[in-house]
Amino acid sequence: MNLAMTSCLRLRSYAKINWTLEVMDRRPDGYHELRTIYQSVSLYDTIRLSASPGKIEVSCDDARVPGDESNLAYRAANSLREVVGSRAGALIEIQKRIPVGGGLGGGSSNAAVTLLGLSALWKLEISNEALSEMAAKLGSDVPFFLVGGTALGTGRGEIVSPIEQADCPFILLVNPGFSVSTADAYGKLSRLTRRASTSIMPFALMAANGVRGLPHQARNDLEQAVLPAHPEIAEVKRRLLGMGARTTLMSGSGATVFGVFDNCETLSKALEDVRAIGYRADQVRTISRLEYWDSIFE
Ligand code: C5P
């Protein structure tokens, strides 16, 4: 696509899961120091950006997503304008498929993709470092969406390093239909992981080997804070394991649970099972960094 000639862009804004999420110390700024392995997956929102004179407007086909200045994509556009001193405007239209407030990073992904798309649409010359800095101010996991694929997240999640790409074709996302506040999830944590724990490293090394060791490595420290108040999440995990999942884990601060399956048949049965009890279920696969960057600009 010749970006220099366009006044309108369509972008894919992919969801993420966390293969692992270890929460360590609470920091003086109120955030927690963490170690996580992010993974892009094939569920995505579509974002249409069109140049418009002067102001930024945002609309979304899902009523739960705010259409005002609190929208993360709006805030991304505004911070880009401020940093480069531009008066350019844009219409941002979001077609939602990623469950809202589901631990899949939908809002953060929308913000990062808006930064990338508007940089192209407004023909800005802006460094990757400046974009990452803006992304980190918008939210802890926004910088991951400027990297994509499989990546290690440290600091409060905003320091992102690419690692070996995991390749996992059979993942089921199950959303029990409610959202969990990320701040509440962190606030309820009572046990923090010791900084010296090295459980994440073996995962990083074997991620490329078909995630066979996942059951032993996958863990999300936020489960202990979220599950007591939301027994549905534990119930979904139990059901998926009973239906043959190799492992199941809550993604981010929930409420979405993912299950990793060995083949399409067992996954399909589990998908039917959870849909029959009224939960939303999506079959997805991992997206490598290469595919991520090849498909963001549609
Ligand atoms: O950065 P983000 O806006 O996504 O974070 C939402 C909230 O989650 C923060 O205000 C904080 O309470 C909590 N959080 C945390 N430690 C992190 C990331 C988020 O305590 N590493």
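1. Ten positions make up the setting of the ligand: Gly30, Tyr31, His32, Leu34, Gly139, Ser140, Arg156, Thr182, Ala183 and Tyr186. Keep in mind that this is a predicted model.

2. For His32, an N or O atom of the side chain is 2.8 Å from an oxygen atom of the ligand. For Ser140, a polar side-chain atom lies 2.6 Å from a ligand oxygen atom. Arg156 uses its backbone: a polar atom there is 2.9 Å from a nitrogen atom of the ligand. How much of the ligand does the protein bury? Taken alone, the ligand exposes 450 Å², and the protein buries 73% of that.

3. Arg156 and Tyr31. Both residues are among those around the ligand. They also meet each other. Arg156 lies over the face of the Tyr31 ring, 4.8 Å from the ring centre.

4. Aromatic pairs. The structure holds six of them. One is Trp19 with Phe258, an edge-to-face pair with 5.7 Å centre to centre and 85 degrees between the planes. Where do the two partners sit? Trp19 is in strand 1 (residues 8-26) and Phe258 is in strand 10 (residues 257-260), so the pair ties together parts that are 239 residues apart in sequence. Trp19 and Phe258 are both buried.

5. Tyr292 and Trp293. Here the ring centres are 5.7 Å apart and the planes stand at 80 degrees; planes over 60 degrees apart count as edge-to-face, so this pair is edge-to-face. Are these two residues buried or exposed? Tyr292 has a relative accessible area of 0%, so Tyr292 is buried. Trp293 is at 35% relative accessibility and therefore counts as partly exposed.

6. Thr36. This residue is found in strand 2 (residues 32-52). Its relative accessibility is 1%; buried means under 20%, so Thr36 counts as buried. Which partners does the Thr36 side chain have? It joins the side chain of Asn18 through a polar contact of 2.8 Å. The Thr36 side chain also reaches the backbone oxygen of Thr20, at 2.6 Å.

Note on methods. Residues numbered from 1 in each chain as written. Predicted model: local features only at pLDDT ≥ 70, side-chain atom pairs only at ≥ 80, totals over all residues. Heavy atoms only, no water. Phe/Tyr/Trp six-rings, centres within 6.5 Å; stacked < 30°, edge-to-face > 60°. Helix = DSSP H or I, 4+ residues; strand = E, 2+ residues; numbered from the N terminus. Buried < 20%, exposed > 50% of the residue type's maximum accessible area, 1.4 Å probe, protein only. Lys NZ or Arg CZ within 6 Å of the ring centre and 35° of its normal. Near = heavy atom within 4 Å. Polar contact = N/O pair within 3.5 Å; in protein donor to acceptor, adjacent residues only side chain to side chain. Areas by Shrake-Rupley, 256 points an atom, 1.4 Å probe, with all protein chains shown as cover.
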